[in-house]
Amino acid sequence: MIIQTKIQKWGNGLALRVAGAMRDIPGFQDGTPVEVTVTDNGLNITRAKRKRRLNLPFSEEQLLADLSPKKAHADILATPVAHEMGLLNNSRQ
């Protein structure tokens with residue numbers, strides 16, 4: 001199917017109105033996510049593929065529920081020395 005339409009000014013940009021058969025045949029609705037492929041010959045608009053949601057066994061909230069500084073080992077963090085921070089002019093670096 002070929003539909004002739006025109007690109008029109010919309011604010012500071014340009015717009016192509018998706019109306020009539022262009023909207024109804026692919027079933028586009030307000031908020032339908034799309035992917036636009038840009039080539040030298042024009043634009044190709046397709047529905048965006050749904051991102052697969054990972055079905056992980058635990059939520060972030062469950063993983064962090066019982067966490068404390070002691071359990072996260074914050075009490076044993078290393079303290080960098082001056083030459084590791086680049087604060088000393090050590091010739092043996």
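The model is predicted, and local features are reported at pLDDT of at least 70, side-chain atom pairs only at pLDDT 80 or more, while totals for chains, interfaces and linings use all residues. Residues are numbered from 1 along each chain as its sequence is written, and side-chain values use heavy atoms, leaving out hydrogens and water.

**Pockets**

A pocket is here an open set of points on a 1 Å grid over the protein atoms alone, where a 1.4 Å probe fits, with protein on both sides within 12 Å along at least five of seven lines, and its lining residues have an atom within 4 Å of a point. Grid points are joined across faces, edges and corners, and a volume is the space filled by probe spheres set on the points.

The largest pocket has a volume of about 280 Å³, and among the residues that line it are Ile7, Leu16, Met22, Pro26 and Asn44. Strand E4, residues 42-47, gives the most to this lining, with four residues; strands (E, at least two residues) and helices (H or I, at least four) are DSSP runs numbered from the N terminus. The lining has eight nonpolar, two polar and no charged residues, where Ala, Val, Leu, Ile, Met, Phe, Trp, Tyr, Cys and Pro count as nonpolar, Asp, Glu, Lys and Arg as charged, and the others, Gly among them, as polar.

The second largest pocket has a volume of about 180 Å³, and its lining includes Arg23, Gln29, Asp30, Thr32 and Val36. Five of its lining residues are nonpolar, three are polar and two are charged.

**The nonpolar patch**

Ile7, Leu14, Leu16, Val34, Val36, Val38, Leu43 and Ile45 make a nonpolar surface patch of about 760 Å². Such a patch joins nonpolar side chains (Val, Leu, Ile, Met, Phe, Trp, Tyr) within 5 Å, from residues with over 30% relative accessible area and no salt bridge, and the areas come from the Shrake-Rupley method with a 1.4 Å probe. Strands E3 (34-39) and E4 each supply at least two residues of the patch, and E3 gives the most, with three.

**The salt bridge and accessibility**

The structure holds one salt bridge, a term for a side-chain nitrogen of Lys or Arg within 4 Å of a carboxyl oxygen of Asp or Glu. It is formed by Asp24 with Arg23, the closest N and O atoms being 2.9 Å apart.

The table lists accessibility, with buried meaning under 20% relative accessible area, exposed over 50%, and partly exposed in between.

| Residue | Relative accessibility | Class |
|---|---|---|
| Val36 | 44% | partly exposed |
| Asp24 | 47% | partly exposed |
| Arg23 | 37% | partly exposed |
| Arg17 | 65% | exposed |
| Thr46 | 32% | partly exposed |

**Distances along and across the chain**

Arg17 lies in the loop between strand E2 (13-15) and helix H1 (21-24), and its C-alpha atom is separated by 54 Å from that of Ser68, 51 residues apart along the chain. Thr46 has its place in strand E4; Thr46 and Glu35 are eleven residues apart in sequence and 5.4 Å apart in space, C-alpha to C-alpha.

Notes: Patches are made of residues with over 30% relative accessible area and no salt bridge: like charges are joined within 9 Å, nonpolar side chains (Val, Leu, Ile, Met, Phe, Trp, Tyr) within 5 Å. Buried means under 20% relative accessible area, exposed over 50%, partly exposed in between (1.4 Å probe, protein chains only).
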